[in-house]
Amino acid sequence: HLAEMELMLEPFPEPIDYLPPTDDLGNVREPRYRFNGQPLTLHYPAGEDMVVRIYDHAGKINLNQINDRSMMLLIRHRLGPDADPRQVEELLDAWRDWRDLNDLASPNGADTDYYESLDPPYTPRNFNEMDTVEELRLIRGFDELFKDVNLEAAFTIYGSTETVNLNLATREAMRLLPGLNDELIEQIIAYRQTRDFANRNDVGALVPLENFVELSNWIGNNTSS
């Protein structure tokens with residue numbers, strides 16, 4: 001209920017004497033960027049043993065909007081620099097077969113015949129929109145690929161954009177994005193505690209050029225409704 005009230009109060013007009021938070025340069029900070037999973041200072045009192053966090057879905061990777069090339073880059077990044085090209089292709093074909101509109105398996109993929117041979121058997125989605133992020137684990141090879149990933153925190157099926165807003169990005173999502181490593185992720189989180197990423201130039205000033213080239217197509221300034 002506290003979380004719901006926090007979201008309801010967000011669009012309300014501020015009191016006349018309200019001073020919006022600013023960064024050290026005097027720039028007004030975007031209030032919606034508070035919903036990036038950080039512990040919230042609530043409008044209403046909460047018990048000392050209670051922490052409320054709200055995640056904006058624009059801070060996650062959208063499984064229903066990601067294209068094949070982006071999924072290939074995600075798979076390659078997840079497997080690491082020594083990724084076997086054949087394994088990448090097999091995983092990508094399995095992803096395509098799960099979401100296409102037919103029962104025909106790609107040369108290196110898996111479709112109805114494969115999944116119905118499992119114990120217990122099940123059928124693939126065969127549609128380009130997934131119903132839940134946990135469905136990802138049903139695709140051949142993907143349960144192993146993301147075995148230690150909190151899928152609910154890293155992915156979403158909501159929204160209409162392919163990009164991730166770094167002002168809202170979850171740590172789990174950032175760990176999957178090409179161009180980012182643990183050190184850069186901590187720098188991003190530290191940066192947004194005091195200011196906002198207003199544009200790509202702000203990100204480029206923090207992220208080395210080689211990393212930014214990989215990351216650039218993944219990021220945007222969208223927020224979720």
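Contact, as the word is used here, means heavy atoms within 4.5 Å. By that criterion, and leaving aside residues up to four places away in sequence, tryptophan 95 touches Leu63, Ile66, Asp68, Met71, Met130, Leu136, Ile139 and Phe142. The model is a predicted one, in which local features need pLDDT of at least 70 and side-chain atom pairs count only at pLDDT 80 or more, while totals for chains, interfaces and linings use all residues. Residues are numbered from 1 along each chain as its sequence is written, and side-chain values use heavy atoms, with hydrogens and water left out.

The protein chain holds 10 helices and 2 strands, where helices (H or I, at least four residues) and strands (E, at least two) are DSSP runs numbered from the N terminus. Along the sequence these elements follow the pattern α-β-α-α-α-α-α-β-α-α-α-α. The C-alpha atoms fill a box of roughly 65 × 40 × 30 Å, taken along the principal axes. Among the contacts with a separation of 6 or more, 60% are made by residues 24 or more positions apart. Of the 225 residues in the chain, 41% are buried, a term that means under 20% relative accessible area, with exposed meaning over 50% and partly exposed lying in between (1.4 Å probe, protein chains only).

The interior can be described through its nonpolar cores, each a set of buried Ala, Val, Leu, Ile, Met, Phe, Trp, Tyr and Cys residues joined through side-chain atoms within 4.5 Å. The largest core has 48 residues, of which Ile61, Trp95, Leu136, Phe142 and Phe155 touch the most other members. Several helices supply at least two residues each to this core, including H2 (68-79), H3 (85-99), H8 (182-192) and H10 (209-215). The largest share, 6 residues, comes from H3. A second, separate core of 5 residues includes Phe35, Leu42, Val52 and Ile54.

Two packed helices are described by the angle between their axes and the distance between the axes. The axes of H2 and H3 come within 10 Å and cross at roughly 135°, the axes being lines fitted to C-alpha atoms, for helices over the stretch in contact, with angles that run from 0 to 180 degrees between N-to-C directions. H2 is therefore oblique to H3, since angles under 35 degrees count as roughly parallel, over 145 as roughly antiparallel, 65 to 115 as roughly perpendicular and the rest as oblique. In this pairing, Asp68, Met71, Met72, Ile75, Arg76 and Leu79 of H2 meet Gln87, Val88, Leu91, Leu92, Trp95 and Arg96 of H3. The residues of the contact divide into 8 nonpolar, 1 polar and 3 charged, where Ala, Val, Leu, Ile, Met, Phe, Trp, Tyr, Cys and Pro count as nonpolar, Asp, Glu, Lys and Arg as charged, and the others, Gly among them, as polar.

Most residues other than glycine have a negative phi, and most peptide bonds are trans. In the loop between H4 and H5, which contains proline 120, a cis peptide bond joins aspartate 119 and proline 120, with omega about 0°. Asparagine 126 is found in the loop between H4 and H5 and has a positive phi, near 50°; at 17% relative accessibility, asparagine 126 counts as buried. Aspartate 131, found in the loop between helix H4 (112-116) and H5, touches Arg125 and Ile157, not counting residues up to four places away in sequence.
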